[in-house]
Amino acid sequence: MLHIFVDADACPVKEEIYRVARRYDLPVTLVANTSMRIPREKGITLQVVGGRFDEADDWIVEKIQDFDILVTADILLAARCIAKNASVLGPGGKAFTESNIGDVVASRNLLAELRGAGEITGGPKPMGPKDRSRFLQKFDEMIQAIRRQLTTKRPIL
């Protein structure tokens, strides 16, 4: 069954995730290092893990399965989940895939080097309405594509 996991500590699109999950009646697990408010409704759960470095990432990688979706901005976590055949979407609506994750990791490493050298001092711009709209559209498309895959998947006899 399709399950949505959220790398929740800094996720700016939680409300959008809840809205789409309600529409499709899909379970959502938010994974965080600290407690946070979540809607008190069926299918939405919060998993608080310890504060050890990458503990939330490790928990997600352990639990995520084929056909699940992860929402994260963490490129290295995205790569780990793609390796487990999960679908991964960034909060800005960018899908991370097997074919693009290598380039995305390389860009991340280059930008980290440039920041370390003082060449880049700012972070990403804040999310706006267009970013949220793009996320909603791509999230919906990803769910539809996975549901089509699940309905056409035939058991092996």
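A search of the whole structure, which is a predicted model, finds 2 aromatic pairs, where rings of Phe, Tyr and Trp (its six-membered ring) pair if their centres lie within 6.5 Å. In one of them, the ring centres of Phe-135 and Phe-139 are 5.2 Å apart and the planes meet at 25°, so the pair is stacked; planes under 30 degrees apart count as stacked, those over 60 as edge-to-face and the rest as tilted. Both residues sit in helix α5, 4 residues apart, and are therefore separated by about one helical turn. Phe-135 is buried, at a relative accessible area of 0%, and Phe-139 is likewise buried at 0%. Here buried means under 20% relative accessible area, exposed over 50%, and partly exposed in between, with a 1.4 Å probe and protein chains only. Helices (H or I, at least four residues) and strands (E, at least two) are DSSP runs, numbered from the N terminus.

Charged side chains come next. The count comes to 9 salt bridges, each being a side-chain nitrogen of Lys or Arg within 4 Å of a carboxyl oxygen of Asp or Glu. Among them is the bridge of Asp-140 with Arg-23, in which the closest N and O atoms are 2.7 Å apart. That pair ties together distant parts of the chain, 117 residues apart, with Asp-140 in helix α5 (residues 129-152) and Arg-23 in helix α1 (residues 14-24). Asp-58 bridges to Arg-52, with closest N and O atoms 3.4 Å apart, and Asp-58 is partly exposed at 26% relative accessibility. A network of salt bridges links Arg-52, Glu-55, Asp-58 and Arg-80. Glu-62 and Lys-63 form another salt bridge, with a closest N to O separation of 3.6 Å; Glu-62 is exposed at 56% relative accessibility, whereas Lys-63 is partly exposed at 35%.

What, then, of Asp-57, which is buried yet has no salt bridge? Asp-57 is placed in helix α2 (residues 55-63), and the nearest side chain of opposite charge, Arg-80, is 5.0 Å away. For this comparison, Lys and Arg count as positive and Asp and Glu as negative, while His and the chain ends are not counted. Leaving aside neighbours within four places in sequence, Asp-57 is in contact (heavy atoms within 4.5 Å) with Asp-7, Asp-74, Leu-77 and Arg-80.

Turning to the cysteines, how many disulfides are there? The count comes to 0, with a disulfide taken as a pair of cysteine sulfur atoms within 2.5 Å. Cys-11 is buried at 8% relative accessibility, and Cys-81 is buried at 0%.

The backbone also deserves a look. Most residues other than glycine have a negative phi. Asp-54, however, has a positive phi, near 65°; Asp-54 lies in the loop between β3 (44-48) and α2 and is partly exposed, with a relative accessible area of 31%. Asn-85 also has a positive phi, near 65°. Asn-85 is found in the loop between α3 (75-82) and β5 (87-89), and is partly exposed at 48%.

Residues are numbered from 1 along each chain as its sequence is written, and side-chain values use heavy atoms, with hydrogens and water left out. In this predicted model, local features need pLDDT of at least 70 and side-chain atom pairs count only at pLDDT 80 or more, whereas totals for chains, interfaces and linings use all residues.
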